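Subject: Handover of a structure

Dear colleague,

Please find the sequence and structure below. My notes on what was found follow directly after.

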Amino acid sequence: MIKAVMVINTQGKPRLAKFYDFLTVDKQQELIRSVFGVLCSRAENVSNFMEADSIFGPDSRLVYKHYATLYFVFVFDTCENELAVLDLIQETLDKCFRNVCELDIVFNYSKLHTILDEIVFGGQVLETSSAEIMKAVEEISKLEASSNSITLVPKTVSGWRNR
Amino acid sequence: MEQLKTIGRELAMGSQGGFGQSKEFLDLVKSIGEARSKAEEDRIVLSEIETLKRRIVEPDIPRRKMKEYIIRLVYVEMLGHDASFGYIHAVKMTHNDNLLLKRTGYLAVTLFLNEDHDLIILIVNTIQKDLKSDNYLIVCAALNVVCKLINEETIPAVLPQVVELLGHSKEAVRKKAIMALHRFYQKSPSSVSHLVSNFRKRLCDNDPGVMGATLCPLFDLITIDVNSYKDLVVSFVSILKQIAERRLPKSYDYHQMPAPFIQIKLLKILALLGSGDKQASEHMYTVVGDIFRKCDSSSNIGNAVLYECISCVSAIYPNAKLLEAAADVIARFLKSDSHNLKYMGIDALGRLIKLSPEVAEQHQLAVIDCLEDPDDTLKRKTFELLYKMTKSSNVEVIVDRMIDYMININDNHYKTEIASRCVELAEQFAPSNHWFIQTMNRVFEHAGDLVKSKVAHNLMRLIAEGFGEEDDTADSQLRSSAVESYLRIIGEPKLPSLFLQVICWVLGEYGTADGKFSASYVTGKLCDVADAYSNDEIVKSYAVTALMKLFVFEIAAGRKVDILPECQSLIEELSASHSTDLQQRVYELQAIIGLDAHAVECILPSDASCEDIEIDKNLSFLNDYVQQSLEKGAQPYIPESERSGMLDISNFQAKISMKLQLMVLVPEPSYHREVQQAATVPSSSDTGSSEVKLRLDGVQKKWGRPTYSSSAASTSNSSSQNTVYEVTPVDGSSNVNSKAREASYDLKKTQVEISPEKQKLAASLFGGTSKSERRASSTGHKVPKGSSHVLKSTAGSTTDVLVEKTTPVQPPPDLLDLGEPTIKDGPSSVDPFKQLEELLDPTQLGSSANPGIVGSTSAPDIMQLYSDKPASGQSGGFMYPSSSNRSDDNLVSGLANATTDSAHNITAAAHPSQFSKGPNLKDSLEKDALVRQMGVTPSSQNPNLFKDLLG
């Protein structure tokens with residue numbers, strides 16, 4: 001089961017945090033801080049996996065991806081495969097934004113939540129077909145757009161750059 | 001430059017709505033991004049909270065505005081600030097008919113609330129309504145909330161709708177309904193137990209996504225109860241086969257792998273189902289072999305599937321061909337440059353060596369490389385592997401490495417773990433007493449504050465009893481070497497408390513046993529310890545008790561006790577101590593020193609920490625005394641149950657006196673607590689529990705008894721009572737497999753370019769005779785002695801003289817009166833002896849359960865194990881119910897349209913490397929730099945540009 005998904009920037013600010021078991025706000029902050037503390041002490045060119053027993057309790061593992069100014073972190077128990085989760089992170093980003101950057105996440109906060117909800121549902125990896133995910137997200141976006149005159153799901157930053 | 005301007009314009013437009021958020025929100029994000037310190041950030045967020053508090057209650061807020069406020073609330077809470085004032089508004093928003101607002105409301109409540117929050121009651125109704133909605137997106141949103149916020153009590157309110165949705169026409173809804181049902185099952189298995197069959201049914205769903213979703217709950221169900229799902233083996237295998245043959249729609253491909261996540265889940269399930277079941281496993285061999293062959297090992301996800309195959313192969317009934325394939329993949333993983341793959345390789349190796357220990361030897365150098373890798377994760381994984389393959393031939397190297405590593409880590413959690421592993425390995429495989437003591441010393445020196453007190457007690461017990469070998473000389477050698485090394489170490493500064501406790505205990509018990517050191521030398525050292533660690537009462541208590549033992553042994557041996565001046569002053573100082581425990585110990589000490597040789601020998605016999613003690617539970621030796629008192633006119637004793645209106649005060653006193661005794665029994669307060677907890681665990685040796693409980697009465701009622709001499713009486717009287725602790729020693733020498741491994745030496749010769757140092761390490765780790773006797777017996781028979789030791793050393797001393805001394809004012813009849821209630825109330829109902837026994841038990845279980853796992857058992861043994869099992873495991877036989885067959889057909893027909901493109905060529909598409917797949921790092925960095933220039937993200941260089949544009 002996936003316990004938490006976090007996006008933290010390189011300065012330790014949370015950009016997105018989703019915990020699949022309820023935790024108080026203080027506890028969440030504490031966990032984010034300790035995860036960040038561990039992550040920044042990791043050298044480059046080492047594995048993307050970590051044992052997180054000391055932070056999340058026994059049998060917890062953590063997979064992270066350092067990407068531009070962001071850390072993408074998945075925390076899960078022994079029932080998941082590390083390499084697969086690593087790809088899950090990449091897949092998520094790949095499909096949502098052409099080249100994801102911090103701004104995309106900050107300004108598309110609710111969209112990212114929508115995407116994440118399509119992939120991970122109640123702590124389980126629900127849908128892994130990226131096409132299906134995109135279809136679902138697009139449909140939601142369309143509906144939201146039609147219920148509101150203003151476009152709500154913008155293109156990514158690179159979207160306007162390439163115009 | 002022109003481009004920058006364009007971007008600026010775009011951003012300016014964005015601020016007016018292009019991003020869906022207002023300029024205010026943009027400003028907030030921006031200013032938080034620019035905050036130089038946490039305090040500044042907090043200030044910004046707090047003022048934002050104030051603004052929101054004011055605005056959110058304004059009447060007639062436009063919908064879009066309200067949505068943004070809620071998002072801002074979520075944002076504020078993510079930054080760690082309290083946004084609870086807005087929860088109710090988020091709840092209100094879920095009631096809105098507009099999909100957009102409803103979704104936002106639902107998102108906010110899932111992030112804000114927990115399942116037991118008071119506001120949930122306000123949402124349940126809405127959820128019920130939304131689950132029936134015609135718009136499937138609303139249904140999905142509601143299901144999402146159901147997953148997160150429905151607790152055991154509210155499950156019945158939504159359960160019928162959720163079950164109905166399992167048959168919804170949209171696959172997205174079916175999928176989520178399954179997951180919601182799974183979540184209910186996790187939260188309260190009983191409430192949905194009658195619906196579990198739905199998961200089986202949905203496995204036959206036409207949509208692969210829905211089928212994949214059912215694997216999650218099925219995996220959980222199978223983990224709990226394998227046997228009820230054996231009939232699904234064929235279905236799972238057939239699904240996996242179809243996926244591997246690319247018969248799913250193309251959209252499920254990921255990096256040229258067909259539905260890898262579903263494959264992984266299926267392999268995990270098969271591993272569970274095939275474990276120890278030959279017949280079930282045979283169905284799997286072909287498909288797993290296929291996957292091994294077909295899997296593309298150039299992508300992460302391909303390797304993830306390969307790893308899962310290895311896990312599956314090492315879990316199911318072994319098949320030589322598959323094991324070979326697994327070993328090949330492991331070799332590939334370990335040779336890879338990627339740390340991730342090495343990590344997976346080491347993990348997989350750890351799984352495989354249980355079945356084929358020789359695999360490890362092929363990879364010895366790779367393993368050593370990983371051990372020396374700067375990557376901490378990899379290092380830990382490798383230590384885990386070494387831990388699994390430790391045997392008596394390599395224990396020295398492995399434990400040595402572990403300790404070296406342990407010394408340098410800061411993570412206390414992991415340090416504790418690795419320290420206890422060192423101790424465990426040392427106890428099980430120690431080649432010599434000297435090495436064992438040295439190793440333990442190192443562990444305690446560097447991690448003494450972290451290891452559990454149980455470890456220390458284990459060590460004391462081991463020293464007291466030896467390794468269980470027959471000859472006593474080995475045992476006394478062990479003790480001598482322990483005493484010697486402790487006397488050397490004791491002077492070092494800042495030793496961990498736990499280590500000092502061990503030292504004190506051992507010195508007290510065996511300090512003068514071999515005659516090498518004089519009593520005054522040892523007592524002097526003990527006094528130094530008590531002085532140097534004057535803040536540590538537990539250590540002082542241990543030291544005082546050790547002093548007492550040393551003096552007693554001197555008296556018993558007929559020598560004159562000369563108390564050093566510093567010792568005398570210590571005694572005087574402690575007799576006025578604030579700690580009652582310490583005081584009592586010192587008074588005990590003083591009292592005992594005054595007794596004659598025969599008396600002290602009864603109280604504290606030398607090297608008798610492991611002897612059993614028998615207690616007269618009827619206290620028949622008191623009969624005379626009671627009779628006398630009655631004749632003199634004393635009140636007869638009335639059991640508590642027959643008394644009415646007991647005074648609270650006497651209860652209280654009783655508790656205190658009880659506590660005193662407990663403290664004597666178990667010197668260390670924290671330990672005492674632990675003991676009480678342990679008491680809740682049902683004892684494995686229940687036979688004696690009732691008797692054991694009653695022994696306490698014996699202890700209690702000795703209060704006020706005139707002399708110590710009755711301790712002898714008690715033992716003689718109770719011959720009828722058998723010692724409860726008798727355990728037959730296990731013979732540990734049965735499993736000796738001492739075949740030299742020539743092959744590994746040959747291998748090493750061929751690898752010339754490897755540094756000799758590394759080769760040496762490899763040889764010591766993997767090569768050599770793999771003599772693998774585990775000291776199964778070493779701990780096996782220790783429990784009885786260990787538990788009784790406390791009995792002896794304390795029961796003897798406390799019950800008689802000492803307790804008498806501490807409460808000399810109280811007249812005997814009173815004491816007797818008080819004695820009874822304590823047995824029934826408060827802490828007294830917990831039996832310390834039983835607790836102790838239980839405390840010691842787990843270690844025994846732990847160590848005796850191990851031998852199977854570590855390389856001690858040879859391969860043939862395992863085969864035998866398996867061949868035995870299936871016979872019993874499959875008594876049910878394999879009947880393939882028509883339903884499961886039909887499910888296959890369904891899936892096949894459902895996917896038939898997708899099979900046309902199954903002739904997809906893997907090799908043609910294998911070119912794009914892993915890196916080109918993901919988002920392009922360089923692009924992104926560039927983009928980010930650009931964004932920074934615009935002054936939105938942290939450490940912006942040019943905020944002015946932004947300001948100008950935005951006005």
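Two residues are said to be in contact when they have heavy atoms within 4.5 Å of each other. The model is a predicted one, in which local features need pLDDT of at least 70 and side-chain atom pairs count only at pLDDT 80 or more, whereas totals for chains, interfaces and linings use all residues. Residues are numbered from 1 along each chain as its sequence is written, chains are lettered from A and ligands numbered from 1 in the order in which they are written, and side-chain values use heavy atoms, with hydrogens and water left out.

I begin with chain B. Helices (H or I, at least four residues) and strands (E, at least two) are DSSP runs, numbered from the N terminus. Helix α18(B), residues 320-335, has 16 residues and should span 22 Å at 1.5 Å a residue, which agrees with the 23 Å between its end C-alpha atoms; the expected span is 1.5 Å times one less than the number of residues. "Buried" denotes under 20% relative accessible area, "exposed" over 50%, and "partly exposed" the range in between (1.4 Å probe, protein chains only). The buried residues of α18(B) include Leu322(B), Ala326(B), Ile330(B) and Phe333(B). The buried residues of this helix pack against α16 (278-294), α17 (300-315), α19 (339-352), α20 (358-362) and α21 (364-371) of chain B.

A helix pair in chain B also deserves attention. The axes of α3(B) (residues 38-56) and α4(B) (residues 63-78) come within 11 Å and cross at roughly 150°; axes are lines fitted to C-alpha atoms, for helices over the stretch in contact, and angles run from 0 to 180 degrees between N-to-C directions. Among the residues that meet are Val45(B), Ile49(B) and Leu52(B) from α3(B), and Met66(B), Ile70(B) and Leu73(B) from α4(B). The residues of this contact divide into nine nonpolar, no polar and three charged, where Ala, Val, Leu, Ile, Met, Phe, Trp, Tyr, Cys and Pro count as nonpolar, Asp, Glu, Lys and Arg as charged, and the others, Gly among them, as polar.

Turning to chain A, there are seven helices and seven strands. Of the 163 residues of chain A, 71% count as buried.

Five strands of chain A form an open sheet in the order β2-β1-β5-β4-β3, with antiparallel pairing; two strands pair if DSSP finds at least two bridges between them. Strands β2(A) (14-19) and β3(A) (49-51) stand at the edges with a single partner strand each, so one side of each is left without a neighbour in the sheet. The twist averages 15° from one strand to the next. Helix α1(A) (residues 25-40) packs on the sheet, touching β1 (2-9), β2, β3, β4 and β5 of chain A, and its direction makes about 65° with that of β1(A).

Within the sheet, β4(A) (residues 61-67) and β5(A) (residues 70-76) pair over seven bridges. Leu62(A) has Val75(A) as its bridge partner, and Tyr64(A) has Val73(A). The hairpin of these strands has two residues between them, and Ala68(A) takes a positive phi near 50° there.

Finally, Arg183(B) lies in helix α10(B) (residues 171-187). Arg183(B) is buried, with a relative accessible area of 8%. Leaving out residues up to four places away in sequence, Arg183(B) touches Met1(A), Tyr20(A), Asp21(A), Gly122(A) and Cys147(B).

With kind regards
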